[in-house]
Amino acid sequence: MIKADHLVKSFDGRTVLKDVSVEFETGKTNLIIGRSGSGKTVLLKSLVGLHEVDSGDIFYDDICYTSLGFTERKEIRRQIGMIFQGGALLDSSTVEENVRLPLDLFTDQSEREKAERVDFCLRRVNLPDAHKLYPAELSGGMVKRVAIARAIVMNPRYLFCDEPNSGLDPVTSVVIDNLIREITEEYGITTIINTHDMNSVMEIGEKIVFIYEGSKWWEGTKHDILHADNRELNDFVFASAMAKRAKGLL
Amino acid sequence: MKLINGFLAQVGQYTMLMGKVFSKPEKAVIYRRRIVFEMEALGLNSVGIATIISVFMGAVVTLQMSINLESPFIPQYLIGYATRETMILEFSSTVVALILAGKVGSNIASEIGTMRITEQIDALEIMGVNSAGYLILPKIVATVLFFPFLTILSIIIGTAGGYLVAMLTGIMIPDDYIQGILSDFKPYSITYSLIKMAVFAFVITSVSAYYGYYAKGNSLEVGRASTRAVVVSSIVILICNLILTQLLLI
């Protein structure tokens with residue numbers, strides 16, 4: 001479980017997160033949705049500690065992350081896997097080196113054990129033969145899959161995904177969504193996905209939090225979202241004229 | 001006042017970054033591998049440019065000395081002596097360092113800056129890696145160890161360039177040149193030159209890494225960070241040159 005308690009975050013006097021409190025459940029795919037610039041990426045980066053919040057607390061299974069020092073935070077971070085919007089693979093390293101890096105730095109496994117673990121993770125994301133390729137040689141979908149392999153290589157308890165489908169075609173998006181959902185169920189981890197892709201919401205959204213202008217505006221399940229009477233949420237979910245007509249908003 | 005505040009803030013930020021860079025590495029063996037890699041990338045790959053500029057500069061210094069010291073009262077061997085002293089005391093450390101600030105400094109700032117804006121540094125932080133130490137420390141160690149070899153190479157190649165021009169143009173007797181470079185040799189001058197280069201190597205790498213590490217925004221900002229890195233490290237090299245000359249020679 002990951003819990004945000006009254007989070008406030010400002011940049012240069014502009015408040016981006018306004019008193020956000022939310023709980024993300026273990027073993028579920030939790031989605032943060034909202035328009036571009038609504039503060040969802042800031043919320044995600046605040047949760048993992050890439051942004052220091054101005055006030056409020058973040059809890060990882062009852063451990064108050066915000067009150068931890070640099071060294072203790074590192075211990076929590078080693079239980080976190082994160083998939084960035086652009087993949088964030090190290091350009092100068094091969095796929096294999098990218099996935100193996102956390103094992104090299106934080107485990108005492110033998111070379112054979114590390115190679116087996118890397119093989120397993122790359123097979124799990126359907127890239128069994130990509131070991132020697134560099135990020136520049138991969139397609140967008142492959143980059144995301146390598147990023148997933150790197151994120152799960154240390155058996156994380158928490159998985160964060162920042163717009164994992166951005167720049168991908170609808171078919172590849174579904175593949176990535178399903179992969180994240182399967183991994184979440186398989187390992188019983190707490191997954192938080194930041195997205196504005198409605199296909200993802202309907203495909204894998206077990207718990208959905210809608211952020212509007214820096215505040216938590218609505219939360220519920222993918223079934224609730226279709227019947228919600230929240231105007232801002234409906235404007236977001238049923239943005240196109242066709243969707244509005246289907247919902248009866250026009 | 002604003003300018004002074006800005007300067008002090010940058011010095012503070014740089015000092016804190018260096019604190020992170022020199023904190024205990026996660027795994028020494030990984031850092032050793034990276035040091036060897038950086039020695040090749042930043043050191044060995046600079047041998048070519050150091051050789052080319054040294055041979056031409058040695059030749060030009062010899063020509064200039066021959067032209068300007070043409071007098072029956074000045075023995076010709078002094079031309080070789082002056083060329084050697086110029087190469088050892090200033091050229092092979094300071095001028096080579098300024099050229100390396102352009103080549104290596106911009107390379108480091110743009111590499112780390114690109115990693116920053118493509119979230120590769122964030123990805124390392126999330127894994128629990130001390131990104132500053134992992135990315136910058138191997139570069140500093142590699143250049144501080146390797147650049148003094150470039151100084152020695154530059155001294156040898158530069159004085160050889162002077163001999164070459166003496167032989168090919170007939171502007172002076174090559175044996176006089178040899179006599180000059182062998183006369184009144186003070187080994188301490190070499191020590192002085194190597195100490196200077198080690199300090200300059202630290203300046204080039206740490207200042208450039210600082211500007212790259214704190215780059216923000218897009219590729220334009222990375223370009224600006226790279227330019228700033230070259231300008232600032234060149235100025236700091238010149239200031240350090242003055243201070244070190246005062247401390248070590250006078």
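**Exercise 1. How far apart do the C-alpha centres of domain 1 of chain A and domain 2 of chain A lie?**

Some ground rules come before the solution. This is a predicted model: local features need pLDDT of at least 70, side-chain atom pairs count only at pLDDT 80 or more, and totals for chains, interfaces and linings use all residues. Residues are numbered from 1 along each chain as its sequence is written, while chains are lettered from A and ligands numbered from 1 in the order in which they are written.

*Solution.* 
- Step 1. Take the bounds: domain 1 is 1-79 + 158-222 and domain 2 is 80-155 of chain A. Such bounds come from an automatic or database domain assignment.
- Step 2. Read off the separation of the C-alpha centres: 22 Å.

**Exercise 2. Describe the side of domain 1 of chain A that touches domain 2 of chain A.**

*Solution.* 
- Step 1. Count contacts (C-beta atoms, placed from the backbone, within 7 Å). In chain A, 21 residues of domain 1 meet 16 residues of domain 2.
- Step 2. Find the elements. On the domain 1 side, α2, β7 (158-162) and α6 (170-187) of chain A give two or more residues. Helices (H or I, at least four residues) and strands (E, at least two) are DSSP runs, numbered from the N terminus.
- Step 3. α6(A) supplies the largest share, 6 residues.
- Step 4. Sort this side by class: 13 nonpolar, 4 polar and 4 charged. Here Ala, Val, Leu, Ile, Met, Phe, Trp, Tyr, Cys and Pro count as nonpolar, Asp, Glu, Lys and Arg as charged, and the others, Gly among them, as polar.

**Exercise 3. Characterise the side of chain A that touches chain B.**

*Solution.* 
- Step 1. The contact takes 15 residues from chain A and 13 residues from chain B.
- Step 2. α2 (70-77), β6 (80-83) and α3 (95-106) of chain A each give two or more residues to the chain A side.
- Step 3. α3(A) gives the most, with 4 residues.
- Step 4. The chain A side divides into 10 nonpolar, 1 polar and 4 charged residues.

Conventions. Two residues are in contact if their C-beta atoms, placed from the backbone, lie within 7 Å.
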